[in-house]
Amino acid sequence: EYGGDCSAVQDRLRNVQQIQSTMGAFAAILADGSVVTWGNPSSGGDSSQVHDQLRNVQHVQATNSAFAAIRADGSVVTWGDQLSGGKSSAVQDQLQSVQQIQANEGAFAAILADGSVVTWGDPHCGGDSSAVQNQLRNL
């Protein structure tokens with residue numbers, strides 16, 4: 001229920017480079033840049049919807065119930081609970097040249113190469129930065 005049982009993916013957990021967790025799931029980046037997930041499906045333990053996109057992953061960040069992966073080309077792949085940042089379609093076209101992602105319990109903030117910031121996730125957790133977007137430049 002909380003990701004403690006990885007037996008279903010144990011044989012794939014080789015050459016692990018990084019592990020990140022939500023409150024109920026884990027995501028492991030392997031040496032080849034692929035990602036293995038396990039745990040509660042609603043907390044990001046099921047990445048099957050984006051499995052084909054999880055290639056050349058450099059870093060994974062997590063909210064309480066969603067993951068965001070930065071790929072080598074600077075693009076971002078998200079999965080897990082939609083309200084907590086697992087759905088980034090509203091800002092996907094802006095998520096290019098991503099350098100870093102930070103997260104809190106329900107939202108993500110990405111710093112782009114030009115110093116601007118893109119946020120998504122629960123608006124009550126900072127996922128909607130539209131009111132201050134013009135101040136989020138050259139950071």
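User: What makes Phe26 and Trp38 a stacked pair?
Analyst: The structure, a predicted model, holds 3 aromatic pairs. Rings of Phe, Tyr and Trp (its six-membered ring) pair if their centres lie within 6.5 Å, and planes under 30 degrees apart count as stacked, over 60 as edge-to-face and the rest as tilted. The centres of Phe26 and Trp38 are 5.4 Å apart and their planes stand at 20°, so this pair is stacked. Local features need pLDDT of at least 70, side-chain atom pairs count only at pLDDT 80 or more, and totals for chains, interfaces and linings use all residues. Residues are numbered from 1 along each chain as its sequence is written, and side-chain values use heavy atoms, with hydrogens and water left out.

User: Why is the pair said to tie together parts that are 12 residues apart in sequence?
Analyst: Phe26 belongs to strand E2 (residues 25-30) and Trp38 to strand E3 (residues 35-39), so the pair joins these parts. Strands (E, at least two residues) are DSSP runs, numbered from the N terminus.

User: How do you know whether Trp38 is buried or exposed?
Analyst: Buried means under 20% relative accessible area, exposed over 50%, and partly exposed in between (1.4 Å probe, protein chains only). Trp38 has 10% relative accessibility and therefore counts as buried. Phe26, with a relative accessible area of 26%, is partly exposed.

User: What makes E8 and E9 paired strands?
Analyst: Two strands pair if DSSP finds at least two bridges between them. Strand E8 (residues 107-112) and E9 pair in the antiparallel sense over 5 bridges.

Terms used
Helices (H or I, at least four residues) and strands (E, at least two) are DSSP runs, numbered from the N terminus.
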